[in-house]
Amino acid sequence: MKKTVTLDIRGASITAELAETIFERSRGLSGRPSIGSGEGMLFLFDTIEPHTMWMKDMAFSIDILWIKNGTIVDMEESVRPEQGVSDAVLKRYSSDVPAELVLELPAGFAKTHSILISDEVILRSGELSQKYRAFLQKK
């Protein structure tokens, strides 16, 4: 069963599936036909660094938000899949600032909800393992 949490950014509610293991993080949203408008995937990393994401085997565009200490520190909007491109040349997306979490959302979500760098990400419900609890404020 997939573990999820409910997040809030600027009043917008997001049900985010957790990607905690190396396997879950490397697979990400690859191979899925789409995700719902209020859905996403929260990548939980063991290190604080400018984590790099890619669009391997993706079928839809996404917004990518990098989060440090519960605050959005960088984002890429409407990142598009690159069909038929080998892994070696797929574009990589990295934050300009180190972060411990990455949130992937449907393309346009950030714009629709006026989400900006420096916005707070709040954990509304669900449980994070001990090592990640300090990264998001629960309200």
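Arg124 forms a salt bridge with Asp8, their closest N and O atoms being 4.0 Å apart, where a salt bridge is a side-chain nitrogen of Lys or Arg within 4 Å of a carboxyl oxygen of Asp or Glu. Because Arg124 lies in strand β9 and Asp8 in strand β1 (residues 4-9), this pair ties together parts that are 116 residues apart in sequence; helices (H or I, at least four residues) and strands (E, at least two) are DSSP runs, numbered from the N terminus. This is a predicted model, in which local features need pLDDT of at least 70 and side-chain atom pairs count only at pLDDT 80 or more, while totals for chains, interfaces and linings use all residues. Residues are numbered from 1 along each chain as its sequence is written, and side-chain values use heavy atoms, with hydrogens and water left out.

**Salt bridges**

- Another salt bridge joins Arg10 to Asp119, with the closest N and O atoms 2.6 Å apart, and it links the loop between β1 and β2 (12-19) with the loop between α2 and β9, 109 residues apart.
- Asp57 forms a salt bridge with Lys56 at 3.8 Å between the closest N and O atoms, and salt bridges that share partners join Lys56, Asp57 and Asp87 into one network.

**Strand β8 and its neighbours**

- Eight of the eight residues of strand β8 (residues 99-106) are buried, so this strand is largely enclosed by the rest of the structure.
- Strand β3 (residues 39-49) runs antiparallel to β8 and is joined to it by five bridges, two strands being paired if DSSP finds at least two bridges between them; Ala99 in β8 is the bridge partner of Glu49.
- Strand β5 (residues 62-68) is also antiparallel to β8, with six bridges between them, and Trp66 stands opposite Val102 in β8.

**Aromatic pair**

- A search of the whole structure finds one aromatic pair, formed by Phe43 and Phe45, which is stacked at 6.5 Å centre to centre with 15° between the planes.
- Rings of Phe, Tyr and Trp (its six-membered ring) pair if their centres lie within 6.5 Å, and planes under 30 degrees apart count as stacked, over 60 as edge-to-face and the rest as tilted.

Terms used:
Buried means under 20% relative accessible area, exposed over 50%, partly exposed in between (1.4 Å probe, protein chains only).
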